[in-house]
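Student: I am new to this structure. Can you take me through it step by step?

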Amino acid sequence: MVETKQENSSTERRSGQRVKLELWTEEVQGDETYFLHTGNLSEQGVFFDQAIPHEVGSIVSLKFSLPGDEEMIITTGKVVHAGDKTVGMGVHFVELASKHQKRIQKFFKKL
């Protein structure tokens with residue numbers, strides 16, 4: 001499911017376009033792999049709406065593929081928001097190869 005949404009309210013912490021996007025993302029921790037469900041995606045990060053959150057400031061390794069693109073995007077992110085009253089967490093991409101950033105940008109241009 002892909003649904004575009006532009007948010008820039010005074011309470012909004014993110015800038016730029018984000019899309020409601022339901023896909024599974026792998027979080028890799030050492031030899032362990034966990035699957036997280038996305039709620040939305042932007043060019044700068046992702047929000048997981050059904051995840052037990054890590055502490056704000058935690059670094060996570062993520063792998064996912066965009067709809068219509070089989071190649072995995074591999075990134076490192078920093079938890080910038082952890083659910084206060086709900087389960088979920090926001091992650092800002094901190095290490096994203098240029099080729100992966102371009103694929104995300106291309107995905108947003110298609111919308």
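Student: In which sense do strands β7 and β8 pair?

Tutor: This is a predicted model. In it, β7 covers residues 73-82, and β8 covers residues 89-96. The two strands are joined over 7 bridges, and their sense is antiparallel.

Student: Which residue of β8 is the bridge partner of Thr76?

Tutor: Look for the partner in β8, which spans residues 89-96. Thr76 is bridged there to Glu95.

Student: How many residues lie between β7 and β8 in their hairpin, and which turn residue has a positive phi?

Tutor: The hairpin leaves 6 residues between the two strands. In that turn, a phi of about 150° belongs to Gly88.

Student: Which residue of β8 is the bridge partner of Gly45?

Tutor: Start with β5, residues 45-48. This strand pairs with β8 in the antiparallel sense, over 4 bridges. Gly45 has as its partner in β8 the residue His92.

Student: Where does the helix come in the order of elements?

Tutor: The chain has 8 strands and 1 helix. Read the order from the N terminus: β-β-β-β-β-β-β-β-α.

Student: What share of the residues is buried?

Tutor: Buried here means under 20% relative accessible area. The chain has 111 residues. The share that counts as buried is 36%.

Notes. Residues numbered from 1 in each chain as written. Predicted model: local features only at pLDDT ≥ 70, side-chain atom pairs only at ≥ 80, totals over all residues. Heavy atoms only, no water. Pairing = 2+ DSSP bridges. Buried < 20%, exposed > 50% of the residue type's maximum accessible area, 1.4 Å probe, protein only.
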